[in-house]
Amino acid sequence: KVYQEVQDGKVDEVYLVITLRKCERGPPLIPVDSMLQQWEPCAREAFSLPDYLRRFAEVLGASLEVFDRMDGRHLVPYQACCVTTHWEAVAPALDPAFKAQRTAYRRANGGTGAPVLATGSQPRFVDRPVIHPNLVESGYGATVRHTFLKFDEDREEGRCSSDPGCPEGAAPSD
């Protein structure tokens with residue numbers, strides 16, 4: 001399943017959700033070099049599929065633009081989002097290397113199961129609101145209240161006195 005970004009009535013980009021499955025015996029492996037002879041496990045703490053895929057592609061000499069969010073919401077750590085055409089361009093280089101990773105994973109961890117990359121999955125989101133990093137980095141104070149962002153400058157200038165979330169004594173808006 002693909003997801004379309006529509007702007008001005010035209011389809012701008014088509015996105016694909018990629019899911020990592022079957023990591024029952026530990027995190028997936030990452031190649032040490034492009035020869036695919038040595039592998040090392042990814043860190044289990046703070047695992048991120050987009051970071052893993054970027055690093056995996058980089059070791060192979062490819063570039064892959066993948067994202068950890070979709071429609072402004074964070075995907076779960078074992079999912080990534082990618083423009084479909086980018087994925088289709090890089091997948092032929094990644095597929096044989098990922099199959100080699102599956103073999104190395106089974107040898108290192110035992111068993112018959114190994115990580116699988118599934119495409120076309122339903123997106124699953126983390127249950128926390130996302131505030132764009134530029135809001136925090138630029139020094140704007142922002143508070144999420146229900147479905148709205150409230151900026152500290154609105155409160156200081158008295159533009160939100162009718163809002164019960166505003167500090168007491170704020171001047172009424174004109």
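Are phenylalanine 56 and phenylalanine 98 buried or exposed? Both of these residues are buried. The legends below start with the whole chain and then move to close-up views. The model is predicted.

**Figure 1. The whole chain holds four helices and 11 strands.** The protein chain has 174 residues, and 30% of them are buried. Consider the contacts between residues at least 6 apart in sequence: 56% of these join residues at least 24 apart. Four aromatic pairs occur in the structure.

**Figure 2. Helix α1 packs against helix α2.** Helix α1 covers residues 49–59, and helix α2 covers residues 84–109. Their axes lie 10 Å apart, at an angle of about 85 degrees. Angles of 65 to 115 degrees count as roughly perpendicular, and α1 and α2 are therefore roughly perpendicular to each other. From α1, the contact uses Tyr52, Leu53, Phe56 and Ala57. From α2, Trp87, Leu94, Ala97, Phe98 and Gln101 take part. By class, eight of the contact residues are nonpolar, one is polar and none is charged.

**Figure 3. Tryptophan 39 pairs with phenylalanine 56.** The ring centres are 6.2 Å apart and the planes meet at 35 degrees, so this pair is tilted. The two residues come from distant parts of the chain, 17 residues apart. Tryptophan 39 sits in strand β4 (residues 39–41), while phenylalanine 56 sits in helix α1. Tryptophan 39 has 19% relative accessibility and counts as buried. The cut-off for buried is under 20%. Phenylalanine 56 is also buried, with a relative accessible area of 1%.

**Figure 4. Phenylalanine 56 also pairs with phenylalanine 98.** Here the distance is 5.8 Å centre to centre. The planes are 55 degrees apart, and the pair is tilted. Phenylalanine 56 belongs to helix α1 and phenylalanine 98 to helix α2, so the pair ties together parts that are 42 residues apart in sequence. Both residues belong to one aromatic cluster, formed by Trp39, Phe47, Tyr52, Phe56 and Phe98.

**Figure 5. Arginine 73 lies over the face of phenylalanine 125.** The distance from arginine 73 to the ring centre is 4.1 Å. Phenylalanine 125 also has a C-alpha atom 4.4 Å from that of leucine 75, although these two residues are 50 residues apart along the chain.

**Figure 6. Leucine 75 is a buried loop residue.** Its loop runs between β7 (73–74) and β8. The relative accessible area of leucine 75 is 5%. Residues up to four places away in sequence are not counted in what follows. Leucine 75 touches Phe67, Asp68, Arg69 and Met70, among others. Its partners also include Ala80 and Cys81, as well as Pro123, Arg124, Phe125 and Val126.

**Figure 7. Phenylalanine 67 is partly exposed in strand β5.** This strand spans residues 66–67. Phenylalanine 67 has 28% relative accessibility. Its C-alpha lies 6.3 Å from that of cysteine 82, which is 15 residues away in sequence. Neighbours within four places in sequence are left aside here. The contacts of phenylalanine 67 are then Tyr15, Pro50, Arg54, Leu75, Ala80 and Cys81.

**Figure 8. Glutamine 79 is buried in strand β8.** The strand covers residues 79–83. Glutamine 79 has a relative accessible area of 2%. Leucine 20 is 59 residues away in sequence, yet the two C-alpha atoms are 6.4 Å apart. Again leaving aside neighbours within four places, glutamine 79 contacts Val17, Ile18 and Thr19, among others. Leu49 and Pro50 are also in contact with glutamine 79.

**Figure 9. Lysine 22 and leucine 36 each have a positive phi.** Most residues other than glycine have a negative phi. Phi of lysine 22 is near 60 degrees. This residue sits in the loop between β2 (10–21) and β3 (29–31). Lysine 22 is partly exposed, at 44% relative accessibility. Leucine 36 has a phi of about 60 degrees. Its place is the loop between β3 and β4. Leucine 36 is partly exposed, with a relative accessible area of 21%.

Note on methods
Residues numbered from 1 in each chain as written. Predicted model: local features only at pLDDT ≥ 70, side-chain atom pairs only at ≥ 80, totals over all residues. Heavy atoms only, no water. Axes fitted to C-alpha atoms, helices over the stretch in contact; angles between N-to-C directions. Parallel < 35°, antiparallel > 145°, perpendicular 65-115°, else oblique. Contact = heavy atoms within 4.5 Å. Nonpolar A, V, L, I, M, F, W, Y, C, P; charged D, E, K, R; others polar. Phe/Tyr/Trp six-rings, centres within 6.5 Å; stacked < 30°, edge-to-face > 60°. Buried < 20%, exposed > 50% of the residue type's maximum accessible area, 1.4 Å probe, protein only. Lys NZ or Arg CZ within 6 Å of the ring centre and 35° of its normal.
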